[in-house]
Amino acid sequence: MLLKDFLIGSSSLIKKLNPEFISMQKIELSSKLSEKHDRYIADIAMLLKCISRDDKAFYVSVLFSNVDSLKIDQLRFDENGFNIMYVEINDLSNSQMEDISFEIYNYEEDDLHFYCENIIINDPVDCIE
């Protein structure tokens, strides 16, 4: 499933806004000691800029928690950010992989790939430009 469709399916507000184009404006990596796993785990936070069919812009922040096997290879940012229209999310929750529920990857460029345990999508906010 495309990230765009995942966002629309996860939030009635995003569905109502109906994004036509999505770009990543910012990506942040963080790590913390997990008592559950007794090791350090990583999280990825992304700030996404979405443009609706009627040219309204809004931001959505997405947190990917307990990230594993992160691969980032020459992400190409331009004045619009990083185009993530071809980023796929596979639901692996039934795969019996411990602490892995999702696979995220860019099938067009193969420049972004990782697994994570959870995805948290925050409510969209209007762009002020």
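Predicted model: local features only at pLDDT ≥ 70, side-chain atom pairs only at ≥ 80, totals over all residues.
Me: How many of the residues in strand E7 are buried?
Reply: Strand E7 covers residues 112-116, and the strand is mostly covered. On one side sit Leu112, Phe114 and Cys116, and on the other His113 and Tyr115, with both faces covered. So, with buried meaning under 20% relative accessible area, the count for E7 is five of five.

Me: Which residue in E7 stands opposite lysine 71?
Reply: Start with the strands: E3 (residues 57-72) pairs with E7 in the antiparallel sense, over three bridges. Within E7, lysine 71 faces histidine 113.

Me: What is the bridge partner of glutamate 103 in E7?
Reply: Strand E6 takes in residues 102-106, and four bridges join this strand to E7, the two running antiparallel. Look across from glutamate 103 and you land on its partner in E7, tyrosine 115.

Me: Which residue takes a positive phi in the hairpin of E6 and E7?
Reply: This hairpin has five residues between the strands. The one with a phi near 55° is aspartate 110.

Me: Is leucine 70 buried, partly exposed or exposed?
Reply: Leucine 70 lies in strand E3, and together with Leu29 and Ile72 makes a nonpolar surface patch of about 260 Å². Its relative accessibility is 37%. Buried means under 20% and exposed means over 50%, with a middle class in between. Because of that 37%, leucine 70 counts as partly exposed.

Notes. Residues numbered from 1 in each chain as written. Heavy atoms only, no water. Buried < 20%, exposed > 50% of the residue type's maximum accessible area, 1.4 Å probe, protein only. Pairing = 2+ DSSP bridges. Patch = residues over 30% accessible without salt bridge, like charges linked within 9 Å, V, L, I, M, F, W, Y side chains within 5 Å. Areas by Shrake-Rupley, 256 points an atom, 1.4 Å probe, with all protein chains shown as cover. Salt bridge = Lys/Arg side-chain N within 4 Å of Asp/Glu carboxyl O.
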